[in-house]
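Please go through the structure below with the report beside it.

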Amino acid sequence: MHAWEQVNLTASIADLKDQHYRTLLALGSLLDLLIDKGLISREELERKAAQLDAESEREMLTRLLSASLHPRE
């Protein structure tokens, strides 16, 4: 990789980190507002996050199992 490509890659990563931070800040603010206004409870939010996390893990395990049973030739 040439030096200029490394500089561009580093800049792209920095931009993504900044965008990620801003997105998480906006999401956190929105969730706090919803909780503060009583539209959802922190417990409901935690339950939903746990549910989505479990579904994501199951989906990943299913894909890994399928890939191991049907390897590409």
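E59 is partly exposed, at 48% relative accessibility. Buried means under 20% relative accessible area, exposed means over 50%, and partly exposed lies in between (1.4 Å probe, protein chains only). R63 is exposed, at 52%. The side chains of E59 and R63 form a salt bridge, with N and O 3.1 Å apart. A salt bridge here is a side-chain nitrogen of Lys or Arg within 4 Å of a carboxyl oxygen of Asp or Glu.

Both E59 and R63 belong to helix α2, residues 42-69. They sit four residues apart, about one turn of the helix. Helices (H or I, at least four residues) and strands (E, at least two) are DSSP runs, numbered from the N terminus. An α-helix has 3.6 residues a turn, so residues three or four places apart point the same way.

## Basis of the model

This is a predicted model: local features need pLDDT of at least 70, side-chain atom pairs count only at pLDDT 80 or more, and totals for chains, interfaces and linings use all residues. Residues are numbered from 1 along each chain as its sequence is written, and side-chain values use heavy atoms, leaving out hydrogens and water.

## The second salt bridge

How many salt bridges does the rule give? The count is two. D18 pairs with R22 in a salt bridge, its closest N and O atoms 3.2 Å apart. D18 and R22 are four residues apart in helix α1 (residues 3-36), so about one helical turn separates them. D18 is partly exposed at 38%, while R22 is exposed at 55%.

## Helix α1

Helix α1 has 34 residues. From first C-alpha to last it reaches 49 Å, close to the expected 50 Å. That expected span is 1.5 Å times one less than the number of residues. After α1 comes G38, with a positive phi near 80°.

V7 lies in α1 and is partly exposed, at 44% relative accessible area.

## A nonpolar patch

L24, L27 and L30 make up a nonpolar surface patch with about 270 Å² of accessible area together. Patch residues have over 30% relative accessible area and no salt bridge; like charges are joined within 9 Å, nonpolar side chains (Val, Leu, Ile, Met, Phe, Trp, Tyr) within 5 Å. Areas come from the Shrake-Rupley method with a 1.4 Å probe; for residues, only the protein chains shown count as cover. L24 is in helix α1. It is partly exposed, at 47%.

## The whole chain

The chain has two helices and zero strands. Its C-alpha atoms fill a box of roughly 55 × 40 × 10 Å along the principal axes. The radius of gyration is 20 Å, whereas a compact globule of 73 residues would have one near 11 Å. The radius is taken over C-alpha atoms, and the globule rule is 2.2 Å times the number of residues to the power 0.38.

Buried residues make up 1% of the 73 in the chain. The chain exposes about 6900 Å², with 61% supplied by carbon and sulfur atoms.
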